[in-house]
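Reader: I would like to learn how to read backbone and sheet features in a model of this kind. Please take them one at a time.

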Amino acid sequence: MSILVTGGAGYIGSHTLVSLLEKGEDVTVIDNFDNSSPVALERVRQITGRSFKTYTGDCCDEALLTQIMNENDIEAVIHFAGHKAVGESVEKPLKYYENNLESTISLLNAMLKCGVKKLIFSSSATVYSGENTVPFTESGRLGCINPYGWTKFMNEQIIRDTAYANKELCCVLLRYFNPVGAHESGLIGEDPNGIPNNLMPYICQTAVGRREHLTVFGDDYPTPDGTGVRDYLHVVDLAEGHVCALAYARTHDGCEAINLGTGTGYSVLDMVKAFEKANGVKVPYVIGPRRSGDLAICYSDPTKAHRLLNWKAERTLEDMCRDGWRWQSRNPQGYGTQA
Ligand code: WQD
C-alpha cells in the first residue's frame, strides 16, 4: 500500500514526505513543478535514504490520477497541490478557482473510482472569518476575503459533502496556521517564487542579503507592540501532524476539520527579534502601511488536534528561527533555478 502525496515537492509536501518515509510509509508523489523544484525530492531521498516513485503531472488530470492509483495500490491521499499566493489570487481569481477546485474534484472522482477511502486535505486558517475572537476553534465562523481563501473554504465543502454521500470515506481537513522554519538538515525549506508574500521567507531573504530590508506592514494594530500577531508553527511539527492525521483516518470515517497551530501568538517584531537573537544576524526593517485584508491577531485553539490526533506542536520559536536560517544561509537562492 502507498500514500499518494500531491504537490509533494512543495514546502509542506516535502517535509511531510520526510516524516512519512521516516515512519516507514511507502509514498508516491505527483507534482507538476509549477511552483516547486524536483531538487526538493532529491533532497528528500538524501535525508531519508529512501526512494519513491514520482509522476510529473497535473492534479486536474483525472485520468492520470486514476492511472497512478491503479498502478500503485494507493491506500490514502494527502492533497497539497494547489495555487497558494493570496495576492495573485486577487489578480487572477479564475486561475485559482479553476485549478484549486478542479484538482480536488478530479482527485475525489479518481478516489471513488479506485476505492481509495482516506483523504488528508491541506486547508488553512484563512477560512476563518475575521469576526471570530481568538483563539480560533474549529466551530468558529467561516468566511474569506480573497479567492485563495475561498478555494480552501469551497474545497472543504466539496470534500465534506462527498464524505457525507460516501460513508466509507474518511477525510481530515487540516487548517494550518502559519508554517515556518525548515528540516534540521538544512537541505529542504521554503523557496517561494519571486518576492515572498509571507513574513518568515522575507526575513530570511533579508538576512541573507537578497532583500534590502523588511517592511513591517503596520505598527498601529491593537496588539502589544502594534504589529500583527500570528500563530507560527514549525513546519516539521506540521508535517508530523499529517502522519497523525493519517493514523486517525485509518481507524475512522466521516469528515473532521482540525486546527494545526501552537495556540500561541507572536508579533512581527517578536519574530524579527527572535530571528536576530537565534542566529546572530541583523534584519533591517522599516515600518510601512498596513496590508489590506490583514487581521490584527490570529492564533489557534489546538485542543481538538491533541484530543483526536494525539498531536501537539513541540518545537520552539528559536527552533523555527534557527532551522529556517540554516536552510536559507546554506541555500541563498533556494533550490536554484526553478524547474
Ligand atoms: C504574517 C504577518 C503581516 C510580510 C498567510 C496566508 C495564509 C497562510 C499563511 C496558506 C502579518 C506581516 C508579512 C511582510 C509583514 N498561507 N508581514 N511584512 O498573512 O498570516 O497568512 O500565510 O494557507 O493563507 O494568508 O502570513 O506571513 O503573510 O504575514 O509585516 O513582508 O507578518 O502583516 O501580520 P498571513 P504572512
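Author: Start with a loop. N310 sits between α10 (303-309) and α11 (317-330). Bear in mind that this is a predicted model.

Reader: What is the phi of N310?

Author: First the general idea: most residues other than glycine have a negative phi. N310 is not a glycine, yet its phi is positive, about 55°.

Reader: Is N310 buried or exposed?

Author: N310 has a relative accessible area of 64%, so it counts as exposed, the cut-off being over 50%.

Reader: Which residue has a phi near 50°?

Author: That is D73, a residue other than glycine with a positive phi. D73 belongs to the loop between α3 and β4 (74-79). Its relative accessible area is 44%, so D73 is classed as partly exposed.

Reader: Where is there a cis peptide bond, and what is its omega?

Author: Again the general idea comes first: most peptide bonds are trans. Here the bond joining V134 and P135 is cis, with omega about 0°. P135 is in the loop between β5 (118-124) and α6 (147-165).

Reader: Now sheets. In what order do the three strands of the open sheet run?

Author: The order is β12-β9-β14, and the pairing is mixed. β12 (266-267) and β14 (297-298) are the edge strands; each has a single partner strand, so one side of each has no neighbour in the sheet.

Reader: In what sense do β9 and β12 pair?

Author: Antiparallel, over two bridges, with β9 covering residues 229-230. For a specific pair, take V229, whose bridge partner in β12 is S267.

Reader: Which strand pairs with β8 in the parallel sense?

Author: Strand β13 (residues 285-288) does, over four bridges. In this pairing V216 is opposite I287 of β13.

Reader: Which residues of β8 are on the covered face, and which on the uncovered one?

Author: β8 spans residues 214-217; L214 and V216 make up the covered face, while T215 and F217 make up the uncovered one.

Reader: Last, surface charge. Which residues form the patch of negative charge?

Author: The patch on the surface gathers D34, D58, D61, E98 and E102. One of them, D58, is in the loop between β3 (53-56) and α3 (62-72). With 30% relative accessibility, D58 counts as partly exposed.

Note on methods: Residues are numbered from 1 along each chain as its sequence is written. This is a predicted model: local features need pLDDT of at least 70, side-chain atom pairs count only at pLDDT 80 or more; totals for chains, interfaces and linings use all residues. Side-chain values use heavy atoms; hydrogens and water are left out. Two strands pair if DSSP finds at least two bridges between them. Patches are made of residues with over 30% relative accessible area and no salt bridge: like charges are joined within 9 Å, nonpolar side chains (Val, Leu, Ile, Met, Phe, Trp, Tyr) within 5 Å. Accessible areas come from the Shrake-Rupley method with a 1.4 Å probe; for residues, only the protein chains shown count as cover. A salt bridge is a side-chain nitrogen of Lys or Arg within 4 Å of a carboxyl oxygen of Asp or Glu. Lys and Arg count as positive and Asp and Glu as negative; His and the chain ends are not counted. The place of a charge is taken as NZ of Lys, CZ of Arg, CG of Asp or CD of Glu. Buried means under 20% relative accessible area, exposed over 50%, partly exposed in between (1.4 Å probe, protein chains only).
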